[in-house]
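Thanks for coming. I will go through the nonpolar core and then the aromatic rings.

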Amino acid sequence: MSSNKGPGFFSAIGSKARDVLTKDYNADHKLTISSSSNTGVDLSSTLLKSRGLSSGNVAALFKYKDKTDVHVKVDTESSVLTTFTISDILPSAKAIASIRVPDYNSGKLEVQYLHDHVAFTTAFGFNRSPTIDFSATIGTPGIAFGAETSFSTAIGKLTKYNAGVCLKMPTSNASVILADKGDSMKVMYLHQLEKLNGGAVVGEISRRFSTNENTLTVGCSYVVDTQTVVKAKLNNHGNLGAVLQHELTDKSFLTISGAFETKALENSPKFGFSLLLKP
């Protein structure tokens, strides 16, 4: 299923702007080593240090005839997550099933459907009182309207409902998302600039109605060269963040991020890095 087909899924509304403002901004230390084979097996090993705690996992991805993927991940907490992805179970439809051992109640099935003017996803757990998630969008690749909701069968109520609209143009896109059961709203705008070598500038206004709190965030991404990208963001609360990503070799990346509170000078900056090595 091509991501350029139809209106896209609800999760794609505002995703490009979110990537500039949120992706890779963290204080974690992460090292990932991955490799691929001609037999369709991808292996990876990850070490992570987050908030003073260390963890790790080993993962394997098995591909069968370009339509079936089996992803198995074993972590340091002695749990095994297995995910089955089957493409084209029906025209334009994909099924994703997952289960984590030894938590057998974690089983989940998701179905995705992406067509020219409509897209939807539905997911539910394999326990006695599952939560049912559903999202849908209608429109075209240029304009899309969508909504998502979660229904808890345990309490018989909707636990989440969000709505959004996205307008895409050749060099810009704008989106509005109403979330938190109508208590918050985000308005995002992204514009690509030739002066940034294909980078972009982003503005986001977020408002929480219950507290009358407003947050204005501006950010940009700059393509230094074909191997290096720099991103930065700043909001009206004085939170400053920056990311540097450099492609060391083909598909091997070094990502360095930093965060600083300009209105609280006594707080020390926070730095994180992510290293992805693919021999």
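**Core and rings**

The largest nonpolar core has twelve residues in all: Phe10, Ile13, Ala17, Val20, Leu21, Cys166, Ile177, Ala179, Met188, Leu190, Ala200 and Val202. Keep in mind that this is a predicted model. At least two residues of this core come from each of α1 (15–22), β12 (172–179), β13 (184–192) and β14 (200–208). Which of these elements gives the largest share? That is α1, with three residues.

Take one core member, Ala200. Leaving out residues up to four places away in sequence, alanine 200 touches Leu190, His191, Gln192, Gly219, Cys220 and Ser221.

Now the rings. There are three aromatic pairs in the structure. In one of them, tyrosine 113 and phenylalanine 120 have ring centres 5.4 Å apart and planes at 25 degrees; planes under 30 degrees apart count as stacked, so this pair is stacked. Both residues are partly exposed: tyrosine 113 has a relative accessible area of 22%, and phenylalanine 120 has 28%.

Phenylalanine 124 and phenylalanine 126 also pair, with ring centres 6.0 Å apart. Why is this pair called edge-to-face? The planes are at 80 degrees, and over 60 counts as edge-to-face, so the pair gets that label. Phenylalanine 124 is partly exposed at 34% relative accessibility, and phenylalanine 126 is partly exposed with a relative accessible area of 46%.

Tyr113 and Phe120 also belong to one aromatic cluster, together with Phe134.

Last, a charge over a ring. Lysine 233 lies over the face of tyrosine 25, 4.3 Å from the ring centre.

Terms used
Residues numbered from 1 in each chain as written. Predicted model: local features only at pLDDT ≥ 70, side-chain atom pairs only at ≥ 80, totals over all residues. Heavy atoms only, no water. Phe/Tyr/Trp six-rings, centres within 6.5 Å; stacked < 30°, edge-to-face > 60°. Buried < 20%, exposed > 50% of the residue type's maximum accessible area, 1.4 Å probe, protein only. Lys NZ or Arg CZ within 6 Å of the ring centre and 35° of its normal. Core = buried A, V, L, I, M, F, W, Y, C linked by side-chain atoms within 4.5 Å. Helix = DSSP H or I, 4+ residues; strand = E, 2+ residues; numbered from the N terminus. Contact = heavy atoms within 4.5 Å.
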